There are 2 protein chains.
Amino acid sequence: MAQKPSIPKGTRDFSPVEMARRNYIFDTIRDVFRLYGYRPIETPAMENLSTLLGKYGEEGDKLLFKILNSGDYMRGVDMSMLENGDLNRVACQLCEKGLRYDLTVPFARYVVQHRNDITFPFKRFQIQPVWRADRPQKGRYREFYQCDADVVGSDSLINEIELVSMIDEVFRRLKINIEIKLNNRKILAGIAELIGAPEKIVDITVAIDKIDKIGLDAVKEELAERGLEPEAIEKLTPILLIDGSTAERIEKLSQLIGSTESGRLGIEEIKTVFDGVAKIGIDARLTLDVSLARGLNYYTGTIIEVKALDVEIGSITGGGRYDNLTGIFGLKDVSGVGISFGADRIYDVLNALDLYPEETSSSVEVMFTNMGANEATAAMKMLRTLREAGIASEIYPDTSKMQKQMKYADALGVKYVAIVGETEAAAGVLTLKNMTTGDQQEVTPEQAIAIIKA
Amino acid sequence: MAQKPSIPKGTRDFSPVEMARRNYIFDTIRDVFRLYGYRPIETPAMENLSTLLGKYGEEGDKLLFKILNSGDYMRGVDMSMLENGDLNRVACQLCEKGLRYDLTVPFARYVVQHRNDITFPFKRFQIQPVWRADRPQKGRYREFYQCDADVVGSDSLINEIELVSMIDEVFRRLKINIEIKLNNRKILAGIAELIGAPEKIVDITVAIDKIDKIGLDAVKEELAERGLEPEAIEKLTPILLIDGSTAERIEKLSQLIGSTESGRLGIEEIKTVFDGVAKIGIDARLTLDVSLARGLNYYTGTIIEVKALDVEIGSITGGGRYDNLTGIFGLKDVSGVGISFGADRIYDVLNALDLYPEETSSSVEVMFTNMGANEATAAMKMLRTLREAGIASEIYPDTSKMQKQMKYADALGVKYVAIVGETEAAAGVLTLKNMTTGDQQEVTPEQAIAIIKA
């Protein structure tokens, strides 16, 4: 036999059982998106490389999957560049298209391209795969789904409150206990302004994040190593020491950075979001985390991150506000805010906690046996009656040994087997066997429907 | 402003309205697949080129989208080949992956790769996009969805009967009048054997197809031009003249080609399928069409094609039996039969006949107005109550002029607007405006739920 075929590394096949579990996640997220008034769009897998390049940093450009031009792909290639080994530029001559890297840039492109047909504010959701030429490793794939919801064309903080509420709803439905962490880019800017080190903002957030683990002195030492002046570290210290309830932390932070314009605005925004969420009420734990520095390159206001409480895993959902996403395509002053659910990590969490509802295990309820041509014909008429009642069912196609047919029914996890032998066929009835209890009884197709639906 | 961004030719964005219509099609097909006991799988967008190459003929190989290798993609390139302009072979050195061209080859690969985990017969469905570097034209895209259902590991003709019944069910639900045409590869082989010209089988089917349009004499002339001997044309003539009901046609055909082994088998198979379908009963017109030569390269038994009766358009669904699909990957003697629904053409048919149900037009039922911070807070609490009752609803995020908010509600096609002003907010009620009738009344959130659900 030939060598067993395989798929590219970092990609996956999904079996019926895996599909059922994944669809449970996608359907839950989709239902909540719809419930909140978000509307679906889809964009092509391939985008022009000019749309994608330069949007994800130099590293991101390298991780784009590029598609070789059709026909004479060497035509546009500058041979001297090729000889000089300038592979990045030659790649852009060999390829004018690439696979989408995320759903955010295609969405920005969509908004600008269709702006005359869109009524703003535009609340869209999008659930599609993305591709990245990352080194594959556990939990990181080269093809994976993103589930994004964004509003563009509104700078109201009601959008943030709605998004937090929506996150809460999704994970309540999935029965995953979570903590939603909030921060605001303007608070970080305020801190940086206060201590006079705006370029050290990432180092500062890393340090704040470590305070509980390594203690104040070690953090101060690390900050000094990272080039922060002693005076700046001194000014930062009271911020590092902030504790208490969220309300107390916001109050203390306000006293420390409220004197800066950015800080004051950031505090005001985060207070509005916390107050708004408190008024409608959510189940999830909601906290302020000034070490949260997710997407610092593009987020301009609120920053959101979600952690699962009962499983050790990275962020399972994240998002934030970006004030100039469509600006990269020439449409200015359109503020947006959105979140992205990480379906693959949520899948890992549900597997770890075994939280799938029972009905995700099988989709077929009844299998009819096949005991010969006449019996099969009788069975197929009854099968039709069951299907008309909406019961997913099938007939074993071949007249194989009973044992083989039952083994198939077992493997599929069907709830009932409908046995139609010579006697049943003649009488227009079936023997319905409950595969869980082993009980069986002779019934009409109508009686079978009543039993199965009960 | 910068140049408006665009997408690669032959690809499409789908707006919320288009998504609703497309999902109506996909959901209908998916529901019927499940009802018939088919189970979903998904395969990666990218396959190894070695999996795809040589499976679709020389022309197909050219239409594969190939993905440039990551990193130093020139490393494996034979420079002398490049200098000789052997672009096809160099492409395979530059690229080791390609985008899937259909769902059939990836499915065959899946079956072989996972054969130890699969219980046969394996009934799978798959609804995913495919990509072809075809010249884009009206109704032909470079990215489009296929909706496939196949059974592998069973040569029972019950599968064919089930597939015909399933096609009938899908189009009955979509309210599209169709004709299902059947043929059998073995009948074609019998005809070719009878007239001693097996290599002319395609010419013969083309000729049979034209008989109604151009008449017997013109068809004979054409066959002669295509190199068929006079004697062969003479033998073919009675077959060209077959008419009557399906039963009569099968009977006449049986008399003519029943003497050949292939012909006899083909007639037997097609009779079994027609008889089986007649016993369970379908709505669609079912006919024998011996000119049907779809997929002659790989189909070995039944051939199926579906035409819409009320719209001029090509085949909207097709399929057949293939006896050696997995053989290309080294797993022999696994017979399969399947069908593929052409979602894009079905979309065109539904648009042409305006057959979409009303509920595909909007997904949001209620929009709450935003008349200030206090009013919005009150509205958001009521919004939560409506959502808990499963009513898709939203609040206009900004405190804009009423006119602008109503325009947004109109554009979205919401059924109700919930107005929450100062008085309503204080009383915990809302003024519910029916956007179709214009009627409005002050109600509690609970009353609103009852009205909306009625």
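Select A:Arg384 and A:Glu388 in helix α14 (residues 373–388) of chain A: the two are four residues apart, and so are separated by about one helical turn. Helices here are DSSP runs of H or I with at least four residues, strands are E runs of at least two, and both are numbered from the N terminus. An α-helix has 3.6 residues a turn, so residues three or four places apart point the same way. The side chains of A:Arg384 and A:Glu388 meet in a salt bridge at 3.2 Å, N to O. The term salt bridge stands for a side-chain nitrogen of Lys or Arg within 4 Å of a carboxyl oxygen of Asp or Glu. A:Glu388 counts as exposed, at 57% relative accessibility. The classes are buried under 20% relative accessible area, exposed over 50% and partly exposed in between, with a 1.4 Å probe and protein chains only.

This is a predicted model, in which local features need pLDDT of at least 70 and side-chain atom pairs count only at pLDDT 80 or more, while totals for chains, interfaces and linings use all residues. Residues are numbered from 1 along each chain as its sequence is written, chains are lettered from A and ligands numbered from 1 in the order in which they are written, and side-chain values use heavy atoms, with hydrogens and water left out.

**Across to chain B**

The side chains of B:Glu162 and A:Arg387 form a salt bridge at 2.7 Å, N to O. Both B:Glu162 and A:Arg387 are buried.

Next, select A:Asp13 and B:Arg109, whose side chains meet in a salt bridge at 2.6 Å, N to O. This pair also crosses between chains, from the segment before α1 of chain A to helix α6 (residues 104–113) of chain B. A:Asp13 counts as buried at 10% relative accessibility, and B:Arg109 counts as buried at 0%.

**The whole interface**

Now select the residues of each chain that touch the other. The contact, meaning heavy atoms within 4.5 Å, takes 103 residues from chain A and 103 residues from chain B. On the chain B side, B:Arg39, B:Glu42 and B:Arg387 supply 8% of the area that chain B buries against chain A, more than any other three residues. In total, the two chains bury about 8,900 Å² between them, with 60% of it on carbon and sulfur atoms. Buried area is the accessible area (1.4 Å probe) that two parts lose on being put together, summed over both.

Helix α14 (residues 373–388) of chain B gives the most to the side of chain B that touches chain A, with seven residues.

**The axis**

Which residue of chain B comes closest to the rotation axis? Select B:Ile67, whose C-alpha is at 2.3 Å. Chain B can be laid on chain A with an RMSD of 0.1 Å by a turn of 180° and a shift of 0.0 Å along the axis. That is the relation of a two-fold axis. The same surface serves both copies, as 99% of the contact residues of chain B recur in chain A. The superposition is by least squares on the C-alpha atoms of residues with pLDDT of at least 70 in both copies.

**Inside the chains**

In chain A, select helix α13 (residues 343–353), where the buried residues are A:Ala343, A:Asp344, A:Ile346, A:Tyr347, A:Val349 and A:Leu350. Their cover includes α1 (16–35), β6 (143–152) and β11 (336–342) of chain A, among other elements. Just after this helix, A:Asp354 takes a positive phi of about 50°.

In chain B, go to B:Thr326, in the loop between β10 (317–322) and β11 (336–342). B:Thr326 is buried, with a relative accessible area of 1%. Leaving out residues up to four places away in sequence, B:Thr326 touches B:Ala108, B:Val111, B:Val112, B:Leu331 and B:Val334.

Finish in chain A with A:Asp168, A:Glu169, A:Arg172, A:Arg173 and A:Asp283, which are linked in a network of salt bridges.
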